[in-house]
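I opened the model and kept a running notebook. The entries follow in the order I looked things up.

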Amino acid sequence: MKRYKICPGCGEQNPPSAMECEYCGYDLMNTPAVDPECAPAAPEPADQAESAGSAPVEAPSTHLVRICSCGAANPPQARKCQRCGEDISDILPVAEPAEAPKRFALEEIGTGRCFPVPAGTIVIGRENAMREILADKPYVSRIHAKLTVADGRLYIENLSHTNYTYVNNERIPAGRMELKPSDEIGLGGLAIDGRRQEQAAYFLVEKMP
């Protein structure tokens, strides 16, 4: 009769002497070795349990993850971080922390008008999102830039081939660029000698509570 330690993290079979899971690194110190063929039967489905007069058995809600030094949460079986590629094979899985999603907004400099940035990706410009703010700014293109909120971070990417996009008074490179709170965005122009152009639009990045 072969006995194994069944990993609670990934469900794989390990030798009875294993101290941690060979597949995901889960701590098996307190996990007993069992014969898979003689293991207790799985709980009855909820509808059958109710018909028998007993309360339904709920599956555990805890979700295990491996948290990389970069802050990314990875599946418990992952050997490398899905965000940065770092080796995380020696990081033990833990319960995924509950964290409220981060929200961002753009506050127009000079007027204080605020535009909450929704999750996902949007295109901003005189004829797209934020058009109620940008419609009277001739230096802003109809399709000017792309905003993306992903993994609690805010990114911007220039889409205009005429007046461009600036962050902290510097033209942003090709591709998307991460924005930080208090960064100043210039759509259609930079500030010259500290003076902002009326035909362009300028915003501060704010983090919403």
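**Entry: ground rules.** I noted that this is a predicted model, where local features need pLDDT of at least 70, side-chain atom pairs count only at pLDDT 80 or more, and totals for chains, interfaces and linings use all residues. Residues are numbered from 1 along each chain as its sequence is written, and side-chain values use heavy atoms, with hydrogens and water left out.

**Entry: the core.** I then looked up the largest nonpolar core, which has 23 residues. Such a core is a set of buried Ala, Val, Leu, Ile, Met, Phe, Trp, Tyr and Cys residues joined through side-chain atoms within 4.5 Å. Buried means under 20% relative accessible area, exposed over 50%, and partly exposed in between, with a 1.4 Å probe and protein chains only. Leu106, Leu134, Leu147, Ile156, Leu179, Leu187 and Phe203 have the most contacts inside this core. At least two core residues come from each of β7 (103-108), β8 (114-117), β9 (120-124), α2 (131-134), β10 (145-150), β11 (153-158), β15 (184-187) and β16 (201-208). Helices (H or I, at least four residues) and strands (E, at least two) are DSSP runs, numbered from the N terminus.

**Entry: whole chain.** I counted two helices and 16 strands. Buried residues make up 32% of the 209 residues. Of the contacts between residues at least 6 apart in sequence, 39% join residues at least 24 apart.

**Entry: around β7.** I followed β7 to its partners; two strands pair if DSSP finds at least two bridges between them. Six bridges join β7 to β16, and the two run antiparallel. β7 also pairs with β8, antiparallel, over four bridges. Phe104 stands opposite Lys207 in β16 and opposite Val117 in β8. The hairpin of β7 and β8 has five residues between the strands, and there Gly110 takes a positive phi near 105°.

**Entry: four-strand sheet.** I traced an open sheet in the order β9-β10-β11-β14, with antiparallel pairing. β9 and β14 (177-179) are at the edges with a single partner strand each, so one side of each has no neighbour in the sheet. The twist averages 30° from one strand to the next; axes are lines fitted to C-alpha atoms, for helices over the stretch in contact, and angles run from 0 to 180 degrees between N-to-C directions. β11 and β14 pair over three antiparallel bridges. Tyr155 stands opposite Glu178 in β14.

**Entry: Ser160.** Is Ser160 buried or exposed? Ser160 is buried, because its relative accessible area is 1%. I placed Ser160 in the loop between β11 and β12 (165-167). Its side chain makes a polar contact of 2.7 Å with the side chain of Ser141. A polar contact is a pair of N or O atoms within 3.5 Å; within protein, one must be able to donate a hydrogen and the other to accept it, and residues adjacent in sequence count only if both atoms are side-chain atoms. Not counting residues up to four places away, Ser160 touches Ser141, Ile143 and His144.

**Entry: three-strand sheet.** I found an open sheet in the order β2-β1-β3, also paired antiparallel. Its edge strands, β2 (13-14) and β3 (33-34), each pair on one side only. Strand β1 (residues 4-6) pairs with β2 over two bridges. Ile6 has Gln13 in β2 as its bridge partner.

**Entry: Lys5.** I stayed in strand β1 for Lys5. Lys5 counts as buried because its relative accessible area is 8%. Its side chain reaches the backbone oxygen of Ala18 at 3.0 Å. Beyond four places in sequence, the contacts of Lys5 include Glu12, Pro16, Leu28 and Met29.

**Entry: cysteines.** How many disulfides does the structure hold? I found zero, a disulfide being a pair of cysteine sulfur atoms within 2.5 Å. Cys81 is buried at 5% relative accessibility, whereas Cys114 is partly exposed at 48%.

**Entry: Ile192.** I ended in the loop between β15 and β16, at Ile192. Ile192 is partly exposed, with a relative accessible area of 47%. Asn169 is 23 residues from Ile192 in sequence and 8.9 Å away in space, C-alpha to C-alpha.

Methods: Contact means heavy atoms within 4.5 Å.
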